Amino acid sequence: MKRLQIFGLLNRDMDQIEKELYRSVQGDDDLLTETSLHLLKAGGKRLRPVFVLMGGKFGKYDLEKLKRVAIPLELIHSASLVHDDVIDDAELRRGELTVKAKWGDKIAMYTGDYIYAKALVMTTELKNPRIHQILSKAMIEMSIGEMEQIRDFFNSEQSVRHYLRRIRRKTALLIAVSCQLGALAAEADPEVARLLYNYGYNVGMAFQIRDDLLDLSGTEKQIGKPPGSDMRQGNITLPVIYSLEDERLRESLLEELKSIREDHSTVGHAIDLILSGDGIARSEELASRYIDKALAALEQLPNNKTKRNLRDIAYFITGRSY
């Protein structure tokens, strides 16, 4: 999955961040450098650095300061993916073998730890304690979200509310603080930083719901891994929860989930059941409601080109195909 190419003038600065992202994980140990670069060079949308730079446009835009927020946020996200792939026993990420698949669980876990540490080293160059506090709290919440996901593997009784709380911690929060910290690093007005946080939070919620939808309705080429990977790993996402609420589908879907868990059955029939109901449509509707909330926060921000770009991103995420 390549970096999004809809940001016009930010592309030059994003090119610099991309290069420094690779440099940031290089160190004395050749293997850790290689494993860290393996995931980073597989690509990614780089949403978090882009949101940092856009947040910075509402204040005193200084790339030297902003990159010390943008790069650590992308590293934190990347480290969490390396750990996720171990927990999920995943073979593919962004169309490439995962670090876990190529080097094994132990190397992958230490790679994730190493990337986290590199992120923290870079943030120490920033002298604003508020940025450190926000980032540390976000990392704690992410860890809690990961633990909740593990506890809920194959839990067919979980509620929509529980799912939303989990994705808030796992995904939305880091996107929200990316927008917020970009503004804070650029010394923007605190109210602007708050509104950007609200925008990022709601975009992040929609983004994760849409990602979960693509896992069921996308192709392996589109999403970089086999469709139904979440369900195969026991991750019960919003379309599945909605489908389990449908009495016409519930018993058959529960049987399919049981087979997947016990016999490692294929997920094709389970996906067909979900696609036959209204779980996909209901999930898309909820994602759209989050986008509406993001746009409402955006409307209160000063009018400039970045505001229009943020609006475009919100619309793009709602209808994205990768």
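Tutor: What follows starts with confidence, goes on to the salt bridges, and ends with surface patches and backbone details.

This is a predicted model, in which local features need pLDDT of at least 70 and side-chain atom pairs count only at pLDDT 80 or more, while totals for chains, interfaces and linings use all residues. Residues are numbered from 1 along each chain as its sequence is written, and side-chain values use heavy atoms, with hydrogens and water left out. The pLDDT is the predictor's confidence in each residue, from 0 to 100. Its mean over the chain is 92, and 96% of the residues reach 70 or more. Among the elements of the chain, the highest mean pLDDT, 98, belongs to helix α12 (residues 238-244), and the lowest, 81, to helix α10 (residues 220-223). Helices (H or I, at least four residues) and strands (E, at least two) are DSSP runs, numbered from the N terminus.

Side chains of opposite charge can pair when their charged atoms come close. A salt bridge here is a side-chain nitrogen of Lys or Arg within 4 Å of a carboxyl oxygen of Asp or Glu. A search of the whole structure finds 25 of them.

One of these joins arginine 46 to glutamate 74, with the closest N and O atoms 3.2 Å apart. Arginine 46 is in the loop between α2 and α3 (47-56) and glutamate 74 in helix α4 (residues 63-87), so the pair ties together parts that are 28 residues apart in sequence. Burial is judged by relative accessible area: buried means under 20%, exposed over 50%, and partly exposed in between (1.4 Å probe, protein chains only). Arginine 46 is buried at 2%, and glutamate 74 is buried at 1%. The backbone of arginine 46 also deserves a remark: its phi is near 55°, a positive value in a residue other than glycine. Most residues other than glycine have a negative phi. Glutamate 187 likewise has a positive phi, near 60°. Glutamate 187 lies in the loop between α8 and α9 and is partly exposed, at 48% relative accessibility.

A second salt bridge links aspartate 105 with lysine 100, the closest N and O atoms again being 3.2 Å apart. Here aspartate 105 is partly exposed at 38%, whereas lysine 100 is buried at 13%.

In a third, arginine 250 pairs with glutamate 157, and their closest N and O atoms are 2.9 Å apart. Arginine 250 belongs to helix α13 (residues 250-263) and glutamate 157 to the loop between α7 (129-151) and α8 (160-185), so this pair ties together parts that are 93 residues apart in sequence. Arginine 250 counts as buried, at 17% relative accessibility, while glutamate 157 is exposed, at 58%. Salt bridges that share partners also join Glu20, Arg23, Glu64, Lys67, Arg68 and Glu125 into one network.

Some charges belong to a patch instead. Patches are made of residues with over 30% relative accessible area and no salt bridge; like charges are joined within 9 Å, and nonpolar side chains (Val, Leu, Ile, Met, Phe, Trp, Tyr) within 5 Å. Lys and Arg count as positive and Asp and Glu as negative, with His and the chain ends not counted. The place of a charge is taken as NZ of Lys, CZ of Arg, CG of Asp or CD of Glu. Asp28, Asp29, Asp30 and Glu34 form a negative surface patch.

A nonpolar surface patch of about 250 Å² is made by Ile87, Met147 and Ile150. Accessible areas come from the Shrake-Rupley method with a 1.4 Å probe, and for residues, only the protein chains shown count as cover. Isoleucine 150 is in helix α7 and is partly exposed at 35%. Helix α7 also holds glutamate 146, which is buried at 15% relative accessibility.

Last, alanine 193 in helix α9 (residues 190-217) is buried, with a relative accessible area of 3%. From alanine 193 to alanine 183 the C-alpha distance is 5.4 Å, and the two are 10 residues apart in sequence.
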